[in-house]
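Let's work through a few exercises together, with the structure open beside you. Each one has a task and then a solution in steps.

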Amino acid sequence: MGDVVRIYNDYKNQADFLTVYVREAHPTDEWQMKSNVKDDVCYAQPKTLEQRVAIANDFIKRFQYPLPFGVDDMNNAANDAYAAWPERIYIIDESGHVAYRGGLGPFQYHPEQARAWLAARYGAVKHEASPAAISPPPAASTPAATAM
Amino acid sequence: MSRTWKWLAGTLGVLLVAAIGILSYVAGSPRNVYGLVRYALPHMHRGTLKAGSDAPDAQLIALDGTSHFHLRERTGTRPLVLVFGSFT
């Protein structure tokens with residue numbers, strides 16, 4: 001989710017964003033994850049729209065989530081149309097066609113691919129080096145650097 | 001019970017135990033295998049959309065819980081990045 005927020009902050013002036021909240025992936029009454037207990041994210045699968053909207057609002061508050069937001073109806077129409085559950089990213093181009101179809105989460109969920117699509121069109125957004133990237137570059141005499 | 005049938009039943013039993021064992025290892029625990037099979041796989045679909053497909057519309061509810069809008073209202077002027085997900 002942090003990745004998506006960073007992409008939003010980098011490209012919100014060029015592209016529109018919409019988060020669609022779909023049925024819960026790991027509610028307490030289904031396949032709950034231990035990490036959800038640790039993070040105190042414990043909800044039963046919503047049975048009414050009111051419950052679903054309430055969880056969506058909790059989510060927004062907890063993470064100060066900045067993306068525009070919509071909640072899927074209880075008939076899961078958006079989820080079914082986009083085969084989205086548990087998580088998936090699409091990019092729709094200006095003509096209303098699917099330009100990028102991300103893989104199904106959690107294993108095929110790669111926000112960096114959406115970033116790459118946006119970067120290809122609008123240019124990459126440079127960030128300050130992360131701690132890992134500031135480590136000193138390998139010396140010129142290392143085999144990797146002299147392989148040429 | 002003939003010898004062939006004993007062998008067959010034995011082999012199937014061993015395969016079943018091995019499959020459960022491998023799945024438990026991959027998913028982390030037998031409990032996760034149950035969760036995956038019972039709650040996740042039935043809802044995970046590849047879908048039919050491809051790059052170039054017309055983006056389907058759907059009615060969505062705003063965070064106030066009462067007002068509605070259509071997904072396709074948000075397309076047309078700029079690319080739309082659609083992020084599907086849930087809290088848990």
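**Exercise 1. Find what share of the contacts in chain A between residues at least 6 apart in sequence join residues at least 24 apart.**

Step 1. Count a contact wherever heavy atoms lie within 4.5 Å. Among the chain A contacts between residues at least 6 apart in sequence, 45% join residues at least 24 apart.

Step 2. Keep the ground rules in mind. This is a predicted model, where local features need pLDDT of at least 70 and side-chain atom pairs count only at pLDDT 80 or more, while totals for chains, interfaces and linings use all residues. Residues are numbered from 1 along each chain as its sequence is written, chains are lettered from A and ligands numbered from 1 in the order in which they are written, and side-chain values use heavy atoms, leaving out hydrogens and water.

Step 3. Helices (H or I, at least four residues) and strands (E, at least two) are DSSP runs, numbered from the N terminus.

**Exercise 2. Which residues of α1(A) are buried, and what covers them?**

Step 1. Apply the cut-offs: buried means under 20% relative accessible area, exposed over 50%, and partly exposed in between (1.4 Å probe, protein chains only). Of the 148 residues of chain A, 43% pass as buried.

Step 2. In α1(A), the buried residues are Val4(A), Val5(A), Ile7(A), Tyr8(A), Asp10(A) and Tyr11(A).

Step 3. Recall the helix geometry: with 3.6 residues a turn, residues three or four places apart in an α-helix point the same way.

Step 4. The cover over these residues includes β1, β3 (88-92) and α5 (111-122) of chain A, together with β3 of chain B.

**Exercise 3. Describe the largest nonpolar core and the contacts of Phe69(A).**

Step 1. A nonpolar core is a set of buried Ala, Val, Leu, Ile, Met, Phe, Trp, Tyr and Cys residues joined through side-chain atoms within 4.5 Å. The largest has 29 residues, and Phe17(A), Tyr65(A), Leu67(A), Phe69(A), Val71(A) and Ile89(A) have the most contacts inside it.

Step 2. Elements giving two or more residues to this core include α1, β1 and α3 of chain A and β3 of chain B. The top contributor is α3(A), with six residues.

Step 3. Beyond its neighbours within four places in sequence, Phe69(A) touches Leu18(A), Thr19(A), Tyr21(A), Ala56(A), Phe59(A), Ile60(A), Leu63(B) and Phe69(B).

Step 4. Leu18(A) and Phe69(B) belong to a second, separate core of 23 residues, which also includes Trp85(A) and Val98(A).
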